[in-house]
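Subject: Structure handover

Dear colleague,

Here is the structure I said I would pass on. My notes come after it.

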Amino acid sequence: MARVASSPIGLHKLRPFHFRSHQSLHFVKPSIYQLKNVGKYQRIYCQTDPKTGDCCQENSNPPESAVKDKSSGVDTEISKAEVSAPSSGPEYPTKDFNRRVALVSVLAALGLFSSQRVDLGIPSLKDITAAALPYEEALSNGKPTVVEFYADWCEVCRELAPDVYKVEQQYKDRVNFVMLNVDNTKWEQELDEFGVEGIPHFAFLDKNGNEEGNVVGRLPRQYLLENVDALARGEESIPYSRAVGQYTSAESRKVHQVSDPRSHG
């Protein structure tokens, strides 16, 4: 076999080529793209046949070979096993997962129900309001009076409703209990007269209608109970004439205000 070479003057001449029978097989480090497609295409290995001298024979089933990684010095096996299998589809919820979701939903519903403070056997804030005595009647029957300024949207008012109910049931024969809705524009004068800035606001009046003190916001039931007891016994003063706890600002009533609600509150 001969190889053609070009001379300096442009003429061509044949240069003899000597075959080396001991010529070894040389592998070229495959690129990353070739490694990814190792199982996708048929591979061709270039080698010299000592009998024919032909090069680049096709090998449809070549043996697995090791390629030396110069950067890390680690032998990497090039095989079809290196080709990762396609990922499976999305996992669907199991029955156990569905049971947990259902349990969480039930617990959330129970929490919402309890937050509304629907206590069996104990009236709600609206029920207590409906049973309250009208303000004008309370001032004219000769009994001491407890006036509560409230609003239907007031969370603290709803929380204290069961305590107010218990005290009312205990002293309703000797003390008047009045509920005035701050959203009712009818009570603007009373709001100014009693200096209502936060609700619930409890004003304690003697039998002549004179204020002896007030309690505002969320406080222990004992505050309300002892003040009402002092009124019922005709005491000259009450134990807690001025006490303030956590309350809702009465300024919020401007958003909910109505001009003529149907109830007396």
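This is a predicted model: local features need pLDDT of at least 70, side-chain atom pairs count only at pLDDT 80 or more; totals for chains, interfaces and linings use all residues.

Residues are numbered from 1 along each chain as its sequence is written, and side-chain values use heavy atoms, with hydrogens and water left out.

The chain has eight helices and 11 strands, taken as DSSP runs numbered from the N terminus (helices are H or I of at least four residues, strands E of at least two). Of its 265 residues, 29% count as buried (under 20% relative accessible area, 1.4 Å probe, protein chains only).

The sheet is open, with five strands in the order E6-E5-E8-E9-E10 and mixed pairing; two strands pair if DSSP finds at least two bridges between them. Its edge strands are E6 (176-181) and E10 (242-244), each pairing on one side only. From one strand to the next the twist averages 15 degrees (angles run from 0 to 180 degrees between N-to-C directions, with axes fitted to C-alpha atoms, for helices over the stretch in contact).

Strand E8 (residues 201-205) has five of its five residues buried, so it is largely enclosed by the rest of the structure. His201, Ala203 and Leu205 point one way, and Phe202 and Phe204 the other. E8 is joined to E5 (residues 145-150) by five bridges, antiparallel, with Thr145 opposite Leu205. Five bridges also join E8 to E9 (residues 211-216), again antiparallel, and His201 has Val216 as its bridge partner there. The hairpin of E8 and E9 has five residues between the strands, and in it Gly209 takes a positive phi near 90 degrees. E9 and E10 run parallel, joined by three bridges; Asn214 is partnered with Arg242 in E10.

Helix H5 lies across E5, E6 and E8, at about 155 degrees to E6. Helix H7 packs on the sheet, touching E5, E6, E8, E9 and E10, and its direction makes about 20 degrees with that of E8.

H5 (residues 155-171) and H7 (residues 221-232) pack at about 20 degrees with axes 10 Å apart, and are therefore roughly parallel to each other (angles under 35 degrees). Residues in contact (heavy atoms within 4.5 Å) include Asp163 and Val164 in H5, and Arg221 and Leu224 in H7. The residues of this contact divide into seven nonpolar, one polar and four charged; Ala, Val, Leu, Ile, Met, Phe, Trp, Tyr, Cys and Pro count as nonpolar, Asp, Glu, Lys and Arg as charged, and the others, Gly among them, as polar.

Regards

Conventions
Angles under 35 degrees count as roughly parallel, over 145 as roughly antiparallel, 65 to 115 as roughly perpendicular and the rest as oblique. Buried means under 20% relative accessible area, exposed over 50%, partly exposed in between (1.4 Å probe, protein chains only).
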